[in-house]
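Here is a short briefing to read with the model open beside you. It covers a sheet first, then aromatic rings and the charges over them.

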Amino acid sequence: MGEAPGKTDPETLDREIAEYLVRLTKEEAPEIRARIMGNLARRMNWIGRFDQAERLMDRALMLSPDDPTLLRSSGLALFGAGRWAEGLALYDRGRWQLEDHQKFRRAFPHAEWQGEAVAGKNLLLWAEQGVGDQIMQARVIEPLREAGANITVECDPRLHPLLARSYDDPPLATQTVDLPSDLVNGPFDFHGSLFSAWRWADLTAAADAYLIPDPDFRAATKRSWDAQGWRLNVGLSWRSTAVARGGDRTLPHEMLAPLLQQSGATFHSLQYDADTAESTAISRMANRPLWRASNLDPRVEVDRLAAMVAALDLVISADITTVHIAGAVGTPCWVILPAGSDWRWGDQGERTPLYSCLRLFRNRWSGWGGVVADVSDALARWCADSVAAELPPNPPGR
């Protein structure tokens, strides 16, 4: 759902910003000036100049209030600022006019839900985007069930076990390219995007755990670690494979070395596309083991991955699906964000209204070294405090 430039290195962005500023001084047509301001605002966001970006976007919308690209971008910015209902209204108003978003819209024949009362109504909600987005979107299910809706969820089949356990077996459908005929012909009063539904649900505070991981796999994982004598277990993931800006959210695995040096913790790879060879290479580089579960493929077994995450004491991750899994099952998670972070994380602060157990570490523009040092220092304190909390008190006279 984010917006991506072709390149995001500082020199390229500085040159693009300068070019847009020159074009802005020469252009007189309001609609074109608005589009230039919108492009300039997005590049300001990518380098962390959020206040300037917001002012530019406001000016752009004044010049061209119906431009779908500007509406979409402004909506995401408002969502990041915690103004979810207002932001999603603009976002939907803009994005569904854009051709490249039509692939996400599920054109079911039923009435599209626009916030009508749902008590006793059959509501078909379809998830959109990737697995991480769908996990984030799922927090709206319970408030709508509490409002009396009979909900059917169409989503990635990898999420079916997790959602079935968490919501007492709601009707689940596998999302396919073509609309499933049983849903097309189903007795639904309304249909709509699982994400757009946030506009009309009461989601005003950071969510505590709302998905229930597999208790048997979680317990077995804990027993296995306890048998090894591993008392503090930390999960690591560092790479995004997303087409849009995935590279910007990826830490070179060499940056993991300062984290792995921290004593008192055992480290586990949660990286979904890392094989044994990469984990071994990282272990050798850091001279410290980075364990990888041999009985789990995170790309396929999302339910088991969620149970493993729930068994951990802490997760440290780049901005990828792992973060949403940790937030949804309630495992403390430290998120390492790039300078121009994704819209959902806002532009400042360590906390997010999306998940109560997340702590955000925001990168400065000059490489990853500064933010990794901040995380490493925080991890050293966390390890020391955790070890101290497990030690018995000193006997009298000591």
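Two strands pair if DSSP finds at least two bridges between them, and strands (E, at least two residues) are DSSP runs numbered from the N terminus. This is a predicted model, in which local features need pLDDT of at least 70, side-chain atom pairs count only at pLDDT 80 or more, and totals for chains, interfaces and linings use all residues. Residues are numbered from 1 along each chain as its sequence is written, and side-chain values use heavy atoms, with hydrogens and water left out.

- Strand 1 runs parallel to strand 5 (residues 190–193), and 2 bridges join them.
- Ala111 has Phe190 in strand 5 as its bridge partner.

**Aromatic rings**

- Rings of Phe, Tyr and Trp (its six-membered ring) pair if their centres lie within 6.5 Å; planes under 30 degrees apart count as stacked, over 60 as edge-to-face and the rest as tilted.
- The count by this rule is 12 aromatic pairs.
- Phe195 and Trp198 form an edge-to-face pair, 5.6 Å centre to centre with 70 degrees between the planes.
- Phe195 counts as buried because its relative accessibility is 0%, and Trp198 because its value is 2%; buried means under 20% relative accessible area (1.4 Å probe, protein chains only).
- Ring pairs also link Phe195 and Trp198 into a cluster with Phe79, Trp84, Tyr91 and Trp343.

**Charges over rings**

- A charge sits over a ring if NZ of Lys or CZ of Arg is within 6 Å of the ring centre and within 35 degrees of the ring normal.
- Arg344 has its charged end over the ring of Trp343, 4.6 Å from the centre.
- Arg359 has its charged end over the ring of Trp334, 5.5 Å from the centre.

Key: Buried < 20%, exposed > 50% of the residue type's maximum accessible area, 1.4 Å probe, protein only. Helix = DSSP H or I, 4+ residues; strand = E, 2+ residues; numbered from the N terminus.
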